[in-house]
Amino acid sequence: MNTKKFAALAAGVALALGLAACSGSGAGSASTASSSKAAGGLIGVSMPTQTSSRWIADGKAVEAGLKAAGYQVSLQYANDDIPTQSQQVDQMITQGAKLLIIAAIDGTALSSQLQAAADKGIKVIAYDRLIRDSKNVDFYVTFDNYKVGVQQATSLLVGLGLLTADGSKGAATGPFNVELFAGSLDDNNAAFFWKGAIDTLQPYLDAKTLVVKSGQIKIEQAAILRWDQETAQKRMENLLTSAYSDGSKVNGVLSPYDGISRGIITALTNAGYSGATFPIVTGQDSEIDSVKLIADGVQFSSIFKDTRKLAAQAIVVAQAFLKGSTPEANDTKSYDNGVKIVPSFLLQSDIVYKDNIQKLLIDSGYWTAAQVASGQA
Ligand code: GAL
């Protein structure tokens, strides 16, 4: 994935946002955009990393949308390094940012920056990932993260044939060997994805229709620090060596994120899995290289979280704050950050399978058919 290619994607996103503003539809209507234009000013956008294509798309989409609405933008990526992110947010405050949009690396690590922001009356929007342990988080825009976990587990069950895609009982009976992966424990989302997934899988685990042969069924055992692909690959290699050296096969792997899935797939491929008996591997984010793997029948599924919609929602919330009004929340109970319940706007996600790539990703303009065919943005 290179930056140029994502700039092209972002340009498309900017166009989409611009069109939404012109059409006067929904929250990004023309009148909202023009009144905020008068307000103008600098907005700080802090993103975790450029190693994952989704955050590049998010950053560019937020930046383009804010610029189209008449704001100046400081967009910074922190290389998944906590001190770097703290420093970048500090700098945005010093530069006079009027509002901050932050996707935190470690949800608990920004308290002093947020206090400094609050002291200056700067509103803070947590983007995709909740910021924890601080009262100075004003709003949270994200997807329904519990439901994402339910969808991941559901797609695993569909892949194994225990469910059909419409949710009814499938023809398979098992038992199946599965292994479970979770995200980074310092990311609040990881626990939500895990809970949604485990609640969905639990009846099958209880009935021994699904068997976690490694015995690693705790989130602490399954977690992958910083959602890192190589760490995931190593863990899968270790699981295969330790739990499957008796000739037994793993049939499915619950993965919470496409980067982790790619690590798992590499480990499985290196261990000789291929073709029709390749394990069912789930994912999240519908990153282009993983969408190609789904189209090729290697990865089974991914969750599609339309980052264009998340960016647009963050901008709606920012504009409301900058106008001095209260942004609309559609959830005021799920996201307790340890200090308070943060008012949230949750978007809905979809399960991507090979047979709905066209409808969900290509027809919606998220990826082109050529990008899916090449696996490159
Ligand atoms: C999570 C996010 C996921 C995925 C993951 C790794 O916070 O909700 O969609 O992107 O980080 O980047």
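Which residues are around the ligand? They are Arg 54, Trp 55, Asp 128, Arg 129, Asp 187, Asn 189, Phe 193, Trp 227, Tyr 257, Gln 284, Asp 285 and Lys 305, where a residue belongs to the surroundings if one of its heavy atoms lies within 4 Å of the molecule.

## Basis of the model

This is a predicted model, in which local features need pLDDT of at least 70 and side-chain atom pairs count only at pLDDT 80 or more, while totals for chains, interfaces and linings use all residues. Residues are numbered from 1 along each chain as its sequence is written, and side-chain values use heavy atoms, with hydrogens and water left out.

## The ligand and its shell

A polar side-chain atom of Asp 128 lies 2.6 Å from an oxygen atom of the ligand, an N or O atom in the side chain of Asp 285 is 2.6 Å from a ligand oxygen atom, and for the side chain of Lys 305 the corresponding distance is 2.8 Å. Taken alone the ligand exposes 300 Å², of which the protein buries 99%, with accessible areas coming from the Shrake-Rupley method with a 1.4 Å probe. Helix H3 (53-68) and helix H7 (188-206) are the elements that give two or more residues to this shell; helices (H or I, at least four residues) and strands (E, at least two) are DSSP runs, numbered from the N terminus.

The shell divides into four nonpolar, two polar and six charged residues, with Asp, Glu, Lys and Arg counted as charged, Ala, Val, Leu, Ile, Met, Phe, Trp, Tyr, Cys and Pro as nonpolar, and the others, Gly among them, as polar. At least three shell residues come from each of domain 1 (3-137 + 307-347) and domain 2 (145-304 + 370-374), the bounds being those of an automatic or database domain assignment.

## Two open sheets

Six strands form an open sheet with parallel pairing, in the order S2-S1-S3-S4-S5-S11, where two strands pair if DSSP finds at least two bridges between them. Strand S2 (72-77) and strand S11 (344-347) stand at the edges with a single partner strand each, so one side of each is left without a neighbour in the sheet. Strand S5 (residues 139-143) pairs with S11 in the parallel sense over four bridges, and Phe 143 stands opposite Leu 347 in S11.

A second open sheet, also with parallel pairing, has four strands in the order S7-S6-S8-S9. Two bridges join S6 to S7, and the bridge partner of Phe 176 in S7 is Leu 210.

## Backbone features

Most residues other than glycine have a negative phi, and most peptide bonds are trans. Asp 128, in the loop between strand S4 (123-127) and S5, has a positive phi of about 65° although it is not a glycine. The peptide bond from Gly 174 to Pro 175 is cis, with omega near 0°, and Pro 175 has its place in the loop between helix H6 (145-160) and strand S6 (176-180).

Technical notes: Polar contact = N/O pair within 3.5 Å; in protein donor to acceptor, adjacent residues only side chain to side chain.
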